[in-house]
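New page in the notebook.

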Amino acid sequence: MSLSRLAVLVSTALIGIGLPMPAVAVPTVQREDSPTAVSWLQKAAAAPNRLSYRGTQIMTAWGPQGASSAMFDIVHAASQGSEISVLGSSAPGAKAFVQRATSTGAAIDGGPLALLQATYQLVDKCCTDLIGRTAVLVEALRDDQTLAARFWIDKATGLLLQRQLFSVDGKTMVRTTVFTELQFEESEFLPHLPPMQPSGVEPMGLGKVDNLRSQGWVCAPELPASLKLYDVHQDTSNGSLQFSYSDGLFNVSLFEQRGALDPAAVAGFSTTDSPGVYVRYGMPSYVVWSSDGIVYTLIGDLPPDPLGDVVRSFAHDVPAKLTAVQRLGTGLAKIATWLTPMGALSPKLG
């Protein structure tokens, strides 16, 4: 299986579809958001649950690997969810179904709206045009007033048409998703198989974090780059854990599994300045390391610099030669399927 190809689909399943999100506890903030900006983002978060549409969407990310792009055909039924088909050469004809959101936690492009409001100042920049439609432009600013993100929201329907993310300098674009074609439908029905959720993965929520810490798991409430812990899942088949972090724009999942890192499992990854840390940049990026009997796999869409800050906040073991009995691997192919039902496509991706 090609992890880079799977990664494209895993990250894309979160694009403006309205996946279920848990309620997020956020700190009180003093920022003065534009009420109209917040209102438009709330409409964008709710739009997929009341609108049916067909469209073509392009995702592009920039990083040390250069530019990576993928194109998708999306058929969305408000009452069911989205069927996403890969266009182009990466996995032509591959499809997956992403179920409609059922919880009240609002999300924009996969990031919790509550954390977006808590982390950034939201500003209404009035109106513009995109793909022949009148759109409202909303910007997210950091505390130093540098630009963090732009959102183009369809004025007539509230659907998110385009999102751009910027590095800490406020000028360098690191990620964009945009509809190039869009057609709204009165109603839509998707004949599909039941959503293929990975077996044995159960939500734990934040209520058991203290207990997990007492068992030796690293359950940091916050990570560098203003990332806040908002959800926890466990794979009951092997006891490994997934910790989900976000600042409302960028999202990372940190997987922890007891054992030793098998270097063969990260063949094709690049080494870093930190011994024992392996990285593969892309959509999304992967970083793997081990420490004190736990193998860590970080998967996310952070730019390289903040991604490095996150990884450096953890301890790392110096690589050692392992016996055949000690080799565990990282389970990259399996843990990728935790993120969305898109992982069911992995057999078709090479």
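Predicted model: local features only at pLDDT ≥ 70, side-chain atom pairs only at ≥ 80, totals over all residues.

**Entry 1: Aspartate 235**

Aspartate 235 sits in strand β14. What does its side chain pair up with in a polar contact? I found serine 237, joined to aspartate 235 side chain to side chain at 2.5 Å.

**Entry 2: The chain as a whole**

Then I stepped back. I noted 6 helices and 20 strands in the chain. The chain has 350 residues, and 55% of them are buried. I also looked at contacts with a separation of 6 or more: 61% of them are between residues 24 or more positions apart.

**Entry 3: Leucine 147**

Next I picked leucine 147, in strand β9, which covers residues 147-154. Is leucine 147 buried or exposed? I got a relative accessible area of 10% for leucine 147, and the cut-off for buried is under 20%, so it counts as buried. Leaving out residues up to four places away in sequence, I listed what leucine 147 touches: Glu139, Ala140, Leu141, Arg142, Phe166, Ser167 and Gly170. I checked serine 167 separately: from leucine 147 it is 20 residues away in sequence, and the two C-alpha atoms are 8.4 Å apart.

**Entry 4: The nonpolar cores**

A general reminder to myself: in soluble globular proteins, nonpolar side chains tend to be buried together. Here the largest nonpolar core has 50 residues. Which of its residues touch the most other members? I wrote down Leu116, Phe151, Phe243, Tyr245, Leu249, Trp289 and Leu298. Helix α2, residues 35-46, gives the most to this core, with 6 residues. Apart from this core I found another, of 20 residues, including Leu51, Tyr53, Ala61 and Val98.

I took a second look at phenylalanine 243. Not counting residues up to four places away in sequence, phenylalanine 243 touches Leu212, Val218, Cys219, Leu229, Asp231, Val232, Val252, Ser253, Leu254 and Glu256.

**Entry 5: Helix α5**

I moved to helix α5, residues 304-312, and noted its buried residues: Pro306, Leu307, Gly308, Val310 and Val311. What covers them? I found strands among the cover, including β13 (222-223), β14 (227-235), β19 (285-291) and β20 (294-300).

I looked up the second largest pocket and got a volume of about 370 Å³. There are 22 residues lining this pocket, and the closest to its centre are Tyr120, Arg142, Ala225, Ser226 and Asp247. Helices α3 (113-119) and α5 each supply at least two residues of the pocket's lining. By class I noted 12 nonpolar, 3 polar and 7 charged residues in that lining.

The largest cavity holds about 110 Å³ of space. Its lining has 15 residues, with Trp62, Gly282, Ser285, Asp301 and Leu302 nearest the centre. The elements giving two or more residues to this lining are β1 (52-63) and β11 (173-185), and β1 gives the most, with 3 residues.

Note on methods:
Residues numbered from 1 in each chain as written. Heavy atoms only, no water. Buried < 20%, exposed > 50% of the residue type's maximum accessible area, 1.4 Å probe, protein only. Helix = DSSP H or I, 4+ residues; strand = E, 2+ residues; numbered from the N terminus. Contact = heavy atoms within 4.5 Å. Core = buried A, V, L, I, M, F, W, Y, C linked by side-chain atoms within 4.5 Å. 1 Å grid on protein atoms, 1.4 Å probe; cavity = no way out; pocket = protein on both sides within 12 Å on 5 of 7 lines; lining within 4 Å. Points joined across faces, edges and corners; volume = space filled by probe spheres on them. Nonpolar A, V, L, I, M, F, W, Y, C, P; charged D, E, K, R; others polar. Polar contact = N/O pair within 3.5 Å; in protein donor to acceptor, adjacent residues only side chain to side chain.
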